[in-house]
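Subject: Handing over a structure, with notes on helix packing and open spaces

Dear colleague,

I am passing on the structure below, followed by what was found in it. Please keep it in view while you read.

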Amino acid sequence: MKDYYRTLNIEKTATLADIKNAYFSLVRTYPPDRHPEEFMKIREAYETLIDENTRQQYDLVDTMPDIVKLYFKEGQKSLDEGKPKEAIQLLEKVIKVYKNFSIVYSLLGEAYLNNENSGKAVRVFEKLVSLERNNAGYVRQLAQAYAIRGWYKKAEKQFRRALLIDEDNISLWLGLINCYLATNNFTGAEETVLEGLEVSNENGWDNIELYYHIIQLDISTSDYDSMVQHLDEIKNKAIEKEEERANVAWFLAVLAKKIHSIGLYEESSAIIETAFTLLPGDNEVESIKKEIDVQYSIITGIKLLKDDSSINGALAEMLDFELHKCDDKNCFDCEITQFFYEMDVIDEMELFRKDILRLKNSYPELYNMKKNFFDVVLNRRKEQALMEKYFKKLGKYQKLCPERFECDEEEEIQQPYKRTEPKVGRNDPCPCGSGKKYKKCCGANV
């Protein structure tokens with residue numbers, strides 16, 4: 001059987017204050033974003049021991065008959081190992097003997113949820129909440145079951161109810177925030193985070209996890225001034241508490257990489273700088289910083305290139321596309337769009353060569369983005385082979401996707417020249433009627 005006291009590193013004689021202090025200490029070490037499995041174990045132990053009734057029941061498990069205790073332990077084990085069907089069978093056997101043990105029903109409800117029987121889970125948790133109205137853990141389980149079924153309004157109500165019972169339980173704040181986010185209610189999520197920060201400051205528990213959410217909300221709502229402010233606050237908190245630096249730096253590095261991938265380059269650069277300040281010697285943080293710095297430098301370079309009138313703007317457009325094309329290497333749409341950009345250069349190779357040379361000399365980092373292509377264009381010896389290669393590609397793409405090569409209806413289509421008069425040979429009579437041969441008359445000057 002799980003030893004909840006050992007999980008929290010406390011004695012069986014621990015007071016409620018001891019339990020809360022142990023919980024806060026462990027959450028600092030194992031924040032839910034970075035250590036979800038460890039955090040769930042900590043939460044389970046905390047919610048069981050912080051309530052007087054469930055703690056008493058837990059302490060009585062050792063007094064169960066051996067066979068029933070075995071069912072209980074094996075039921076817990078099966079649930080932890082991802083075998084909910086087995087857990088359900090074992091825990092139902094325990095309930096036949098101990099019908100009033102709410103901690104068994106709680107595990108059974110979790111097993112139903114994991115077995116995708118959310119309807120049964122809801123009924124179990126609703127019953128538990130009606131019997132033990134002051135157990136915040138059971139109210140949280142009911143709220144999560146509602147959220148899984150998509151009943152977010154009901155879930156929000158239960159999370160609020162649970163917070164009235166235990167406002168120091170970080171899981172309740174995070175659950176409520178996630179409900180608001182699931183319905184795109186960013187205002188509700190932001191207000192909840194700020195409320196949680198206020199409570200945490202009053203009660204003296206760490207709120208780094210809430211800062212994670214407020215920074216992400218700042219980004220979602222494009223409130224970059226607030227983002228900078230909250231980044232500064234979380235950095236200062238991490239500096240004050242050295243044991244939290246690694247977790248904060250890790251979170252910020254992951255967040256920077258995530259928002260960099262969706263085009264928020266300046267914001268990701270600011271965030272990774274904060275992470276690097278907190279943990280300068282960490283290989284993972286340093287690697288992410290290097291990647292973001294290179295990309296940010298390229299973004300800045302392309303902006304400058306677009307404003308550089310000495311270089312054809314088509315090159316800036318081409319490189320901008322290279323930067324933003326999708327990650328799928330087999331994407332046909334990106335492949336053919338890239339071909340169009342390159343074909344524009346091939347069509348006017350002589351004109352583009354001077355611009356490519358300027359690009360190479362003034363923006364070497366941007367030149368390197370398409371170095372192989374640019375090198376071949378600049379090599380006059382390979383001009384003929386290059387043109388043949390691209391005209392073969394042109395034929396291939398015209399067959400594969402003719403719709404991409406259709407002319408605009410409003411665009412004038414040039415028709416081949418057709419002779420309207422009959423062809424006149426040089427020795428034929430001149431059409432002017434002079435009687436002379438064409439070559440001796442009107443054709444003499446042709």
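How close do the axes of α9 and α10 come, and at what angle do they cross? They come within 8 Å and cross at roughly 165°, where axes are lines fitted to C-alpha atoms, for helices over the stretch in contact, and angles run from 0 to 180 degrees between N-to-C directions. α9 and α10 are therefore roughly antiparallel to each other, since angles over 145 degrees count as roughly antiparallel, under 35 as roughly parallel, 65 to 115 as roughly perpendicular and the rest as oblique.

Before going on, please note that this is a predicted model, in which local features need pLDDT of at least 70 and side-chain atom pairs count only at pLDDT 80 or more, while totals for chains, interfaces and linings use all residues. Residues are numbered from 1 along each chain as its sequence is written, and side-chain values use heavy atoms, with hydrogens and water left out. The helix names refer to DSSP runs (H or I, at least four residues; strands would be E, at least two), numbered from the N terminus.

Helix pairs

The crossing of α9 and α10 is left-handed, a term used if the near helix is turned anticlockwise from the far one by less than a right angle, with clockwise being right-handed. Contact here means heavy atoms within 4.5 Å, and among the residues that make it are Val 139, Leu 142 and Tyr 146 of α9 and Tyr 152, Phe 159 and Ile 165 of α10. By class, this contact of α9 with α10 has eleven nonpolar, two polar and three charged residues, with Ala, Val, Leu, Ile, Met, Phe, Trp, Tyr, Cys and Pro counted as nonpolar, Asp, Glu, Lys and Arg as charged, and the others, Gly among them, as polar.

The axes of α13 and α14 (residues 224-240) also come within 8 Å, crossing at roughly 160°, and α13 and α14 are therefore roughly antiparallel to each other. Their crossing is left-handed, and the residues that meet include Ile 208, Tyr 211 and Ile 215 in α13 and Met 227, Leu 231 and Ile 234 in α14. The contact of α13 with α14 divides into ten nonpolar, two polar and three charged residues.

For α5 and α7, the axes come within 10 Å and cross at roughly 30°, which makes α5 roughly parallel to α7. This crossing of α5 and α7 is left-handed, and the contact is made by Phe 72, Gln 76 and Leu 79 of α5 together with Ile 103, Val 104, Leu 107, Glu 110, Ala 111 and Asn 114 of α7.

Pockets and cavity

Grid points are joined across faces, edges and corners, and a volume is the space filled by probe spheres set on the points.

The largest pocket has a volume of about 830 Å³, and of the 30 residues that line it, Lys 2, Met 40, Glu 44, Asp 80 and Glu 110 are the closest to its centre. The largest share of this lining, seven residues, comes from α3, and by class the lining has ten nonpolar, eleven polar and nine charged residues.

The second largest pocket holds about 370 Å³ of space, and among its 18 lining residues Arg 43, Gln 144, Leu 174, Gly 175 and Asn 178 are the closest to the centre. Here the largest share of the lining, six residues, comes from α11.

One cavity of 30 Å³ or more is found in the whole structure, and about 160 Å³ of space lies in the largest cavity. It is lined by 14 residues, of which Val 27, Arg 28, Asp 206, Ile 208 and Glu 209 lie nearest its centre, and α2 (16-29), α13 and α15 (245-260) each supply at least two residues of that lining.

With best wishes

Methods: On a 1 Å grid over the protein atoms alone, a cavity is a set of points where a 1.4 Å probe fits but cannot get out, and a pocket is an open set with protein on both sides within 12 Å along at least five of seven lines; lining residues have an atom within 4 Å of a point.
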